[in-house]
Amino acid sequence: VLLCTSYPSQAAPTRQTGLPAPENFVATAVSPRQVNLSWDEVPDAFSYEVERKADGEAEFIDPGLPNPQGTFTFDTSVTPGTTYTYRVRSARESLRSPWTETRVTVPREPQPFGGVPATLPGTVVAVNFDEGGEGVAYSDSDPSNNGGFFRLNEGVDVQRSSDPTDTSPNAANVGWIRNGEWIGYTVEVQQFGSYTLTMRVASPFSSGKARIEFGGENKTGTITIPNTGGWQNWQDITITGFTLPTGRQFMRFVVEGERFNVRSFTFTRNP
């Protein structure tokens with residue numbers, strides 16, 4: 001989430017009206033497709049006017065945002081990866097206040113690994129996280145791949161796996177997991193319904209905790225990772241009884257407690 005604070009506009013000429021300009025104008029990019037805007041109420045104002053321009057554009061435009069009479073609105077016509085300047089002013093009949101401006105950068109949109117989302121029901125391979133980099137496809141505590149294997153230009157830590165159930169030539173898992181990190185996956189849910197998640201994990205500790213989100217909603221609650229007896233002693237754990245809607249969605253694996261490895265997430269639709 002990107003948060004920007006406001007400052008008085010120096011560029012746009014205004015009429016001297018005595019109507020106060022809105023204060024504490026804040027723009028928050030809540031996703032690559034939406035910016036939320038809020039400001040303090042001006043007691044003498046009947047309504048508010050909001051305009052926008054992208055970096056590189058010469059003129060402000062009226063983006064036609066909803067609810068201009070209130071002190072909150074949102075913009076869903078933004079382009080991922082673009083920086084915008086917004087401005088707001090208060091209005092009463094023919095009077096207009098000076099503008100107040102703020103800037104915000106909309107994050108880029110993550111892309112599925114290899115261009116194709118994983119399908120559910122099915123298995124999401126942990127190392128096949130989305131493309132887009134730090135803050136977009138994942139958040140890692142350091143910029144390097146500490147495992148030195150597979151996606152070497154990414155910050156997620158990937159190592160070779162000796163899980164006997166993975167017979168692929170590039171068997172791998174995510175490791176060096178730290179509290180507060182997250183990894184994102186674009187998935188396509190093909191069937192609505194109640195699901196069971198099976199996670200393939202390994203750890204010589206009992207400190208591991210995580211959750212799985214879809215569209216920002218915590219679907220699993222906190223998942224406790226058991227001590228499996230070693231970094232490559234793999235075990236399945238299951239979480240059941242959560243509902244998934246159909247369609248393309250952004251799934252996040254969010255770490256709540258560290259020191260474990262994860263190899264895969266298998267989603268099975270319940271009868």
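This is a predicted model: local features need pLDDT of at least 70, side-chain atom pairs count only at pLDDT 80 or more; totals for chains, interfaces and linings use all residues.

Trainee: Which residues touch the most other members of the largest nonpolar core?

Mentor: That core has 37 residues, and Tyr 185, Met 199, Phe 253, Val 262, Phe 265 and Phe 267 touch the most other members. At least two core residues come from each of the strands S14, S15, S16, S17, S20, S21 and S22. Apart from this core lies another, of 18 residues, including Ala 29, Ala 45, Val 78 and Tyr 84.

Trainee: What does Met 199 touch?

Mentor: Leaving out residues up to four places away in sequence, Met 199 touches Ile 223, Ile 225, Gln 235, Asp 236, Ile 237, Phe 253, Val 262, Ser 264 and Phe 265.

Trainee: Is Thr 73 buried or exposed?

Mentor: Thr 73 has a relative accessible area of 2%, so it counts as buried, the cut-off being under 20%. Thr 73 sits in strand S6, residues 72-75. A polar atom of its side chain lies 2.3 Å from the backbone oxygen of Pro 66. Pro 66 is also among the residues that Thr 73 touches, as are Val 35, Leu 37 and Trp 39.

Trainee: How is empty space found?

Mentor: A probe the size of a water molecule is rolled over the atoms, and this shows where empty space is left. Searching the whole structure gives 1 cavity of 30 Å³ or more. The largest cavity has a volume of about 60 Å³. Its lining has 7 nonpolar, 2 polar and 3 charged residues, among them Asp 140, Trp 176, Glu 181 and Val 255.

Trainee: What is the volume of the second largest pocket?

Mentor: About 160 Å³. The lining of the second largest pocket divides into 5 nonpolar, 3 polar and 2 charged residues, including Phe 150, Asp 166 and Arg 263.

Trainee: What should I look for in the backbone angles?

Mentor: Look for exceptions, because most residues other than glycine have a negative phi, and most peptide bonds are trans. Here a cis peptide bond joins Leu 120 and Pro 121, with omega about 5°. Pro 121 is in the loop between strands S10 and S11.

Trainee: Where is Trp 176?

Mentor: In the loop between S14 and S15. Trp 176 is not a glycine, yet its phi is positive, about 50°. Trp 176 is partly exposed, at a relative accessible area of 34%. Arg 259, in the loop between S21 and S22, has a positive phi of about 70°. Arg 259 is partly exposed, with a relative accessible area of 35%.

Terms used. Residues are numbered from 1 along each chain as its sequence is written. Side-chain values use heavy atoms; hydrogens and water are left out. A nonpolar core is a set of buried Ala, Val, Leu, Ile, Met, Phe, Trp, Tyr and Cys residues joined through side-chain atoms within 4.5 Å. Buried means under 20% relative accessible area, exposed over 50%, partly exposed in between (1.4 Å probe, protein chains only). Helices (H or I, at least four residues) and strands (E, at least two) are DSSP runs, numbered from the N terminus. Contact means heavy atoms within 4.5 Å. On a 1 Å grid over the protein atoms alone, a cavity is a set of points where a 1.4 Å probe fits but cannot get out, and a pocket is an open set with protein on both sides within 12 Å along at least five of seven lines; lining residues have an atom within 4 Å of a point. Grid points are joined across faces, edges and corners, and a volume is the space filled by probe spheres set on the points. Ala, Val, Leu, Ile, Met, Phe, Trp, Tyr, Cys and Pro count as nonpolar, Asp, Glu, Lys and Arg as charged, and the others, Gly among them, as polar. A polar contact is a pair of N or O atoms within 3.5 Å; within protein, one must be able to donate a hydrogen and the other to accept it, and residues adjacent in sequence count only if both atoms are side-chain atoms.
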